[in-house]
Amino acid sequence: MELLHGVKITIVGTGYVGLVTGVCLAAKGHQVTCVDKNLDIVERINQLQTPIYEPGLPELLRQVVVSGSLVATNDLRSSVLTSEVSIITVGTPSGDGGIDLSYIEDSAREIGTALRDKSDYHIVCVKSTVVPTTTDTLVKNVLKATSGKDPGEFGLAMNPEFLREGKAVEDFMYPDRIVIGALDNKSFAGMSKVYEGLFDAPIIKVNLRTAEMIKYTANALLATLISYSNEVASICETTGGIDIKEVMTAVTLDKRFNPKIEGLLVNPEANQYLQAGCGFGGSCFPKDVMALVSFSTAKGYRPRIIESTLRINVEQPQRLLGRLEQLLGTFANKKIAVLGLAFKPETDDVRESPSIAIITSLLEKKAKVFAVDPVAAANMKAIIPPSDSIIYTTDYRIALHDADAVILVTSWSQFIKIPPEEYLCLMKNPLVVDGRRVLDKASLEMAGCSYLGVGLV
Ligand SMILES: NC(=O)c1ccc[n+]([C@@H]2O[C@H](COP(=O)([O-])OP(=O)(O)OC[C@H]3O[C@@H](n4cnc5c(N)ncnc54)[C@H](O)[C@@H]3O)[C@@H](O)[C@H]2O)c1
C-alpha cells in the first residue's frame with residue numbers, strides 16, 4: 001500500500017526517542033515538526049547537527065532537514081494548530097518511589113490549550129513509557145479540561161516505542177511490531193495512517209492501557225532474564241569450577257531458545273539477555289522496572305520476581321568489586337582502569353550505567369580511577385566530575401599504564417580487541433576483570449595476565 005499523503009506530525013520532546021521518531025517518520029514521507037523546550041536542541045537540529053550520538057542518525061537528519069520534511073521549534077502551539085497528530089515523547093523519569101509523570105502532564109496541558117483554538121480533529125498519541133491508565137485517565141482528563149472538548153472530538157492513542165539506543169534508527173525503520181492502543185476506531189485509523197504501508201510489521205490494535213502494559217512487560221522480562229543469569233552466576237561463584245558462560249551457552253542451545261532453520265542455529269537476540277555481567281543500566285530498564293513494581297504495589301499486588309530483578313541488579317557491580325578488593329587487599333591508592341562508561345556499546349548514554357556504581361564505590365574506597373570511553377565521557381563528567389581521583393581519557397593505553405587492575409564494564413569492540421600483551425606491558429599488575437564475560441580468558445592467562453570474570457571462580 002502506498003502512502004497517499006504524508007501526515008502532519010508534531011513530536012513533543014525531541015530527546016532520544018523524539019528525535020529518532022521524528023527523523024524516521026520524516027524519512028518515510030511525513031511532514032514532521034520536532035518541538036523541544038530546550039532551545040539548544042532546536043537550534044542544533046535546524047543547523048543539521050545531531051544532538052545525540054546514534055549511528056545512522058546524522059545522515060538521515062541532514063537528509064530530512066535539507067528536504068524540508070523536518071523542522072525543529074520550541075513553539076508547540078503553532079505546531080499543534082497546523083498538524084494532525086501530536087506524538088508525546090517527553091521523559092518519564094523515576095519520581096518519588098515511582099514514575100514522574102509531570103512532563104507528560106505538562107505536555108498534555110500545552111497540547112490541550114492549543115486544541116481549544118483548533119476546530120480540526122487532532123490525535124494526541126503518547127509514545128513515552130507510562131504506567132497503565134496514564135493515557136486513559138491523566139492525559140485524557142488534562143486534555144479534556146484544557147481543550148474544553150470531549151474525548152472523541154480529539155483522538156487519543158498510546159504507541160509504545162521499542163527502539164534500542166545504539167540501534168535506534170534500524171529498530172525504528174524495521175520494527176518487529178507496531179502496537180497502537182486507541183481510545184476509539186477513529187483514533188486507531190488516524191494513527192494507522194502514520195505507519196500503514198510504510199513499515200513491514202504487524203500493527204497490533206489494543207486498548208490504551210494494554211499498550212502501556214505491553215511496553216513494561218517487555219522491559220521487565222528482558223531485565224529479569226539478565227538478573228536471572230546474574231543470579232545463576234552468583235551460584236556458580238559460591239562453588240567454584242563452574243563457568244556461567246558454559247552453563248548459559250549449553251542452556252540456550254535448547255531448541256526452544258535456539259531453533260535451527262535449514263540446519264543453522266537462529267540464536268535469537270533474546271539469548272544475549274541470558275548472559276551474566278555486571279548488571280543492566282540505561283534510561284529504560286532500571287526506571288521502568290521500578291515504575292512497574294511501584295505501580296503494581298500501589299494497586300495492591302507486590303510483584304516479587306520483578307522486585308528481585310532490581311535488587312540483584314543493584315548488588316551485581318558490588319559483588320564484582322568485592323571479589324576484586326579481596327584480590328588487591330585494598331583499593332586505597334590503587335590505580336584502577338575502567339573500560340567503558342556508557343551503559344552499553346554504541347551509545348553515549350550513561351544513565352543508570354553500572355559504571356556509575358563501580359566508579360563511585362572505587363572513589364569511596366580511595367582508589368585512583370582512570371575511566372575510558374570513546375563517546376560517553378562528557379556525559380559521565382556531568383555525573384562524576386573529573387578530579388585528582390578520577391581522570392577521563394579516550395585512550396585506553398593511558399588508563400592501563402601502571403594500573404593495578406582493569407575492569408571492563410562496557411563491551412565496546414575496541415576494548416574487546418585489546419591484545420593481551422598490551423595489558424601485560426602497560427599495567428603494573430595485569431589483573432583483568434571481565435565485567436561482561438566477553439574476553440578470552442585463555443589467551444589472557446597464556447600471555448601472563450590474571451583473569452577475574454563474573455560467574456567464574
Ligand atoms: N531512550 C530510549 O532508549 C527509550 C526507548 C523506548 C522508550 N523510551 C521512553 O521514551 C520517553 C522519552 O525518553 P528519551 O530517552 O527520549 O528522553 P529524553 O530525556 O532524551 O528526551 C525528552 C525530551 O523532552 C523534552 N521536553 C520535556 N518536556 C517538554 C515539553 N513540555 N515540551 C517540549 N519538550 C519537552 C526535553 O527537553 C527532552 O529533550 C521515556 O518515557 C522513555 O522511557 C525511551
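In which sense do β1 and β2 pair, and over how many bridges? β1 and β2 pair in the parallel sense over 5 bridges, where two strands are said to pair if DSSP finds at least two bridges between them.

## Basis of the model

This is a predicted model, in which local features need pLDDT of at least 70 and side-chain atom pairs count only at pLDDT 80 or more, while totals for chains, interfaces and linings use all residues. Residues are numbered from 1 along each chain as its sequence is written.

## Overall dimensions and composition

The protein chain contains 18 helices and 16 strands. These elements are DSSP runs numbered from the N terminus, with helices being H or I of at least four residues and strands being E of at least two. Along its principal axes, the C-alpha trace of the protein chain spans about 75 × 50 × 45 Å.

Of the 457 residues of the protein chain, 47% count as buried. A residue is buried if 20 or more other C-beta atoms lie within 10 Å of its own, exposed if 12 or fewer, and partly exposed in between, with C-beta atoms placed from the backbone. Two residues are in contact if their C-beta atoms, placed from the backbone, lie within 7 Å. Among contacts between residues at least 6 apart in sequence, 72% join residues at least 24 apart.

Angles run from 0 to 180 degrees between N-to-C directions, and axes are lines fitted to C-alpha atoms, for helices over the stretch in contact.

Within this sheet, K8 has Q31 in β2 as its bridge partner. β2 is mostly covered, as 4 of its 5 residues are buried. Strands β5 (residues 123-126) and β6 (residues 155-158) pair in the parallel sense over 4 bridges; V124 stands opposite L156 in β6.

## The six-stranded sheet

A further open sheet, of 6 strands, has parallel pairing and the order β13-β12-β11-β14-β15-β16. Its edge strands are β13 (390-393) and β16 (450-453), each of which pairs on one side only. Neighbouring strands of this sheet are turned by 20° against each other on average, direction ignored. Strands β11 (residues 335-339) and β14 (residues 405-408) pair in the parallel sense over 4 bridges, with I407 in β14 as the bridge partner of V338.

## The ligand shell

The ligand is surrounded by 28 residues, the closest being G13, G15, V17, S128 and T129. A residue is near a molecule if its C-beta atom, placed from the backbone, lies within 6 Å of it. The shell divides into 10 nonpolar, 12 polar and 6 charged residues. Here Ala, Val, Leu, Ile, Met, Phe, Trp, Tyr, Cys and Pro count as nonpolar, Asp, Glu, Lys and Arg as charged, and the others, Gly among them, as polar.

Helices α1 (16-27) and α5 (102-115) each supply at least two residues of the shell. α5 gives the most, with 4 residues.

## Selected loop residues

Most residues other than glycine have a negative phi. E352, which is not a glycine, has a positive phi of about 60°. E352 is placed in the loop between β11 and α13 (354-364) and counts as buried, with 21 C-beta neighbours inside 10 Å. K366 also has a positive phi, near 70°. K366 is found in the loop between α13 and β12 (368-372) and counts as exposed, with 12 C-beta neighbours inside 10 Å.

V266 lies in the loop between β10 (264-265) and α11 (285-298), and its 12 C-beta neighbours inside 10 Å make V266 exposed. Not counting residues up to four places away in sequence, V266 touches N258, P259 and I261. K118, in the loop between α5 and β5, counts as partly exposed with 17 C-beta neighbours inside 10 Å. The C-alpha atoms of K118 and K334, 216 residues apart along the chain, are separated by 64 Å.
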